[in-house]
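Dear colleague,

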Amino acid sequence: MEIFIDRLNERDAEELFTFECNNRRFFEQTVPSRGDDYYTFETFKNRHRELLKEQEENISYFYLIKNDSGSIVGRINLVDIDNTNGSAHVGYRIGEKYTQRGIANKAVKLLVNTAAELSVNQIHAKTTSNNIASQKVLERNGFIRISINEEKNELSGQKETFIYYCRTI
């Protein structure tokens with residue numbers, strides 16, 4: 001499957017909300033929950049506007065991963081951009097029916113190439129210890145494991161083990 005990444009914009013809100021709702025159960029198997037209120041459309045629209053504002057301010061860049069017919073198959077983001085030292089953090093999620101097709105691997109590769117154009121020269125990533133697929137995607141794309149820490153999940157209050165990665169471009 002061919003994919004491309006498309007910068008988030010205002011007109012994406014409804015389709016993205018549907019994507020997030022359809023994949024909530026799947027995502028919450030490997031990543032911390034975003035909380036129940038995220039899945040009400042009014043709250044989602046407010047968060048969407050906040051993300052667009054961050055993007056306008058060059059604090060973060062948000063992309064939708066789309067297939068060749070233009071449907072959303074995932075998301076990938078560069079967040080917490082530090083323009084002083086050229087670093088950012090990557091996060092991504094692939095919809096359940098699109099997993100195991102190499103989409104995450106292709107999307108991370110596309111984002112790494114895009115990051116260089118945005119003056120980002122170092123990308124950090126974090127994933128849970130039980131998300132083996134994400135660990136493989138990061139390592140295939142040149143990310144180096146730098147540490148492992150147990151932390152309290154902000155939303156659930158449960159302890160989780162996180163693996164931290166870094167990639168210099």
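Strand E2, residues 61–67, is mostly covered, with seven of its seven residues buried. Here, buried means under 20% relative accessible area, exposed means over 50%, and partly exposed lies in between, using a 1.4 Å probe and protein chains only. Helices (H or I, at least four residues) and strands (E, at least two) are DSSP runs, numbered from the N terminus.

This is a predicted model, in which local features need pLDDT of at least 70 and side-chain atom pairs count only at pLDDT 80 or more, while totals for chains, interfaces and linings use all residues. Residues are numbered from 1 along each chain as its sequence is written, and side-chain values use heavy atoms, with hydrogens and water left out.

Tyr61, Tyr63, Ile65 and Asn67 point one way from E2, whereas Phe62, Leu64 and Lys66 point the other way; all are buried.

Two strands are said to pair if DSSP finds at least two bridges between them. E2 runs antiparallel to strand E1 (residues 3–7), and five bridges join them; Tyr63 in E2 is the bridge partner of Arg7. E2 also runs antiparallel to strand E3 (residues 72–82), to which six bridges join it, and Ile65 stands opposite Gly74 in E3. The hairpin of E2 and E3 has four residues between the strands, and Gly70 there takes a positive phi near 90 degrees.

As to the cysteines, Cys21 counts as partly exposed because its relative accessibility is 31%, and Cys166 counts as buried because its value is 12%. With a disulfide defined as a pair of cysteine sulfur atoms within 2.5 Å, the count comes to zero disulfides.

Yours sincerely
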